[in-house]
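Hello,

Here is the structure I said I would pass on. My notes on it follow below.

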Amino acid sequence: GLVLGIPVPGLGLRGGSVSPSMQRFVESLGDLEEMRVALFSVYTVRPGDTLDLFRALLEERGAEVVVAQAVSRLAPSRNDHVLPTECMVRIR
């Protein structure tokens with residue numbers, strides 16, 4: 001399994017994006033067939049579309065995204081159990 005995180009640029013008000021460096025990193029991983037992946041994004045105001053775009057990028061490479069969680073930078077402990085729990089259950 002693989003756990004990947006990404007920041008939401010700005011305030012997340014204009015949708016969002018995956019940075020070119022993260023796109024290059026994902027491409028460098030090669031084929032992700034049969035790889036289970038947990039994703040998270042960290043946002044300040046709104047999560048925007050960054051997590052959905054990140055998920056699509058990984059699924060295009062063949063990854064199975066088992067959980068995707070947006071985390072507020074201002075309240076990081078809110079729902080802080082979701083990502084670890086899903087990883088324990090779905091990524092083994």
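Helix α2 (residues 50-60) has as its buried residues Thr 50, Leu 51, Phe 54, Leu 57 and Leu 58; buried means under 20% relative accessible area, exposed over 50%, and partly exposed in between (1.4 Å probe, protein chains only). Seen down the axis of α2, these buried residues fall within an arc of 120°, so they line one face of the helix; the arc is that of the directions from the helix axis to the C-beta atoms. An α-helix has 3.6 residues a turn, so residues three or four places apart point the same way. Asp 52 and Glu 60, on the other side of α2, are exposed. Helices (H or I, at least four residues) and strands (E, at least two) are DSSP runs, numbered from the N terminus.

This is a predicted model: local features need pLDDT of at least 70, side-chain atom pairs count only at pLDDT 80 or more, and totals for chains, interfaces and linings use all residues. Residues are numbered from 1 along each chain as its sequence is written, and side-chain values use heavy atoms, with hydrogens and water left out.

The cover over the buried residues of α2 includes β1, α1, β2 (36-43) and β3 (64-72). Just after α2, Gly 62 has a positive phi of about 100°.

Is Ser 41 buried or exposed? Ser 41, which lies in strand β2, counts as buried because its relative accessibility is 0%. Leaving aside neighbours within four places in sequence, Ser 41 is in contact (heavy atoms within 4.5 Å) with residues including Leu 51 and Ala 70.

Leu 11 lies in the loop between β1 (2-7) and α1 (20-28), and counts as partly exposed because its relative accessibility is 45%.

Regards
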